[in-house]
Amino acid sequence: MILLKTKEEIELIRDAGRLLGKTLAEVGRHIRPGVTTAFLDQIGEQFIRDNGAKPLCKGFEGFPSAFCISVNDVVVHGIPGDLFIKEGDNVSLDCVIDLNGYVADSAYTFTVGETSSEMQRLLKVTREALFIGLDKCKAGNRVGDIGHAVQMHCEKNGYSVVRELCGHGVGFKMHESPNVPNYGVPGTGPLLKEGMVIAVEPMVCMGSKNVKFSREDGWTCRTRDGKPAAHFEHTVAITANGPDILTTFDFIENK
């Protein structure tokens with residue numbers, strides 16, 4: 001069942017989204033060569049709790065950390081640990097928080113120091129794809145319109161989108177209906193209605209769309225060909241006037 005949110009509830013989700021934007025920026029400030037992903041996770045979890053919120057990834061179906069931190073060929077769900085960040089890496093932070101019972105979800109991929117032009121282009125196109133998908137988040141459209149827009153932008157630029165994982169409803173819980181794939185056919189899928197809140201999250205591979213999941217931890221999702229991936233995500237409310245983005249990259253990008 002798709003749960004619609006009132007205007008008041010959407011504002012409370014926006015409060016969570018604003019804090020989440022600050023959280024990603026705070027962790028992002030510490031991404032540099034020589035730090036471990038576990039160190040970044042500790043900083044992020046402390047910031048979340050210090051601001052009166054809860055990190056929902058931690059403990060979800062056994063996931064051990066507050067953040068998913070995915071480096072280079074890890075698409076999503078990287079578990080923080082003793083991996084040292086290196087010059088030239090790309091590092092995706094994905095986090096979900098609950099602030100006073102309202103949930104926001106966002107992700108951002110950072111580069112570390114000097115990176116290749118190919119890596120920079122991958123991140124640029126993935127970020128563009130997010131906002132192209134968000135532009136379809138208006139009442140009367142369908143979920144397939146979002147996925148189709150994301151897919152077409154990525155594929156025309158020579159990239160591929162992951163099929164096994166997708167965006168989703170959000171707001172009261174981390175994962176709600178409907179699923180929001182990053183591929184699709186226009187005019188198909190659930191109807192977008194005013195009051196819906198969803199997470200749109202392109203997961204884009206430089207090479208093949210094929211991925212593999214770690215047998216050791218059951219979470220880490222890597223590209224099969226070992227090529228890099230990128231991930232950007234916003235929480236957005238559906239309105240009659242178009243998308244109302246409830247999370248923010250401003251604290252990262254307007255520093």
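Student: Which residues lie nearest the centre of the second largest pocket, and how many residues line that pocket?

Tutor: The model is predicted: local features need pLDDT of at least 70 and side-chain atom pairs pLDDT 80 or more, while totals for chains, interfaces and linings use all residues. Residues are numbered from 1 along each chain as its sequence is written, and side-chain values use heavy atoms, without hydrogens and water.

Val71, Val74, Ile79, Leu83 and Arg222 lie nearest the centre of the second largest pocket, which has 15 lining residues. (A pocket is an open set of points on a 1 Å grid over the protein atoms alone where a 1.4 Å probe fits, with protein on both sides within 12 Å along at least five of seven lines; lining residues have an atom within 4 Å of a point.)

The largest pocket has a lining of 23 residues, and His77, Cys166, His168, His175 and Glu201 are those nearest its centre. Strands E4 (90-99), E7 (167-169) and E8 each give at least two residues to that lining; strands (E, at least two residues) and helices (H or I, at least four) are DSSP runs numbered from the N terminus.

His168 leads on to Ile198, since these two residues are in contact, meaning heavy atoms within 4.5 Å. Setting aside neighbours within four places in sequence, Ile198 also contacts Cys137, Ile146, Gly169, Val170, Pro178, Val180, His234, Thr235, Val236 and Ile238. Together with Phe67 and Leu93, Ile198 has the most contacts inside the largest nonpolar core, a group of 51 residues. (Such a core joins buried Ala, Val, Leu, Ile, Met, Phe, Trp, Tyr and Cys residues through side-chain atoms within 4.5 Å.) H3 supplies the largest share of this core, seven residues. A second, separate core has 15 residues, including Cys68, Met174, Ala237 and Leu246.

Ile146 counts as buried because its relative accessibility is 1%, where buried means under 20% relative accessible area with a 1.4 Å probe, protein chains only. Beyond residues up to four places away, Ile146 touches Gly133, Lys136, Cys137, Val180, Leu192, Ile198 and Val200. Its C-alpha lies 30 Å from that of Asn100, which is 46 residues away along the chain.

H4 as a whole is mostly covered, with 10 of its 14 residues buried. Among the buried ones are Val143, Ala149, Val150, His153 and Cys154. Their cover includes helix H3 (117-134) and strands E6 (160-161), E8 (176-180), E9 (197-200) and E10 (203-205). After H4 comes Gly158, with a positive phi near 90°.

Key
Buried < 20%, exposed > 50% of the residue type's maximum accessible area, 1.4 Å probe, protein only.
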